Amino acid sequence: DMVIELAGSDVSYVVQTLTNQLTELLNVQGATLPATHEYLLDNLNLSLTLTSNMTVFHQLFETMQNLPDEKMRWSFNLMVKSTRKASLTDPVGAQGDSHSSTLPRCDIVPNLYYDLDFKMTFPQLLEWLSTSEDV
């Protein structure tokens, strides 16, 4: 939830980091999708990535094509939800929306941010996310 709130309308940075991590995970560990990645992808406003950085959006779903068959329906539904939302909303107006007020709290995902330094800048946060073993 914190990553989603910190990203605000700049979700493309988080999506790019998730895509890079997912690419590495699928190459190293086989075709698994960590619960934290699935949670973030389910709750990020991916339509903002589609409207602001279509290349990153397409890279994400190209990477997700390598997921196992049981995740294909989830992946397809995620893409449909994102493209519908992008086509129904004004990209400029959507950027001002508050994402934290519409997202449900998740008690399943453990608190991964116990060691998070709250004074980090956004680029430092992204670097931490890409290198942390807990994420």
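Reply: Begin with confidence, as this is a predicted model. The chain as a whole averages 74, and 73% of its residues score at least 70.

Me: Over which residues does pLDDT stay under 50, and how many contacts beyond four places in sequence does the model have there?

Reply: The general idea comes first: where pLDDT is low, predicted coordinates should not be read in detail. Here, pLDDT stays under 50 over residues 91-103, a stretch with 13 contacts beyond four places in sequence. Residues 107-111 are also below 50, with two contacts beyond near neighbours in sequence.

Me: Which residues have the most contacts inside the largest nonpolar core?

Reply: They are L41, L44, L46 and M64, in a core of 30 residues. Helices 1, 2, 3, 4, 5, 6 and 8 each give two or more residues to this core. Helix 2 gives the most, with six.

Me: How do I read the sides of a helix, and which residues of helix 8 are buried?

Reply: An α-helix has 3.6 residues a turn, so residues three or four places apart point the same way. In helix 8 (residues 122-131), the buried residues are L125, L126, W128 and L129. Because these residues cover an arc of only 160 degrees around the axis, they lie on the same side of helix 8. P123 and T131 are exposed on the other side. The buried residues pack against helix 1 (2-7) and helix 2 (11-28).

Me: What kind of aromatic pair do F57 and F61 form?

Reply: A count of aromatic pairs gives one. F57 and F61 form a tilted pair, 4.9 Å centre to centre with 55 degrees between the planes. The two are four residues apart in helix 5, so about one helical turn separates them. F57 counts as buried because its relative accessibility is 2%; F61, at 8%, counts as buried too.

Me: Is N45 buried or exposed?

Reply: The cut-off for buried is under 20% relative accessible area. N45 has 8% relative accessibility, so N45 counts as buried. This residue is in the loop between helix 3 and helix 4. Its side chain makes a polar contact with the side chain of S47, at 2.4 Å.

Conventions. Residues are numbered from 1 along each chain as its sequence is written. This is a predicted model: local features need pLDDT of at least 70, side-chain atom pairs count only at pLDDT 80 or more; totals for chains, interfaces and linings use all residues. Side-chain values use heavy atoms; hydrogens and water are left out. Buried means under 20% relative accessible area, exposed over 50%, partly exposed in between (1.4 Å probe, protein chains only). The arc is that of the directions from the helix axis to the C-beta atoms. Contact means heavy atoms within 4.5 Å. A nonpolar core is a set of buried Ala, Val, Leu, Ile, Met, Phe, Trp, Tyr and Cys residues joined through side-chain atoms within 4.5 Å. pLDDT is the predictor's confidence in each residue, from 0 to 100. A polar contact is a pair of N or O atoms within 3.5 Å; within protein, one must be able to donate a hydrogen and the other to accept it, and residues adjacent in sequence count only if both atoms are side-chain atoms. Rings of Phe, Tyr and Trp (its six-membered ring) pair if their centres lie within 6.5 Å; planes under 30 degrees apart count as stacked, over 60 as edge-to-face and the rest as tilted.
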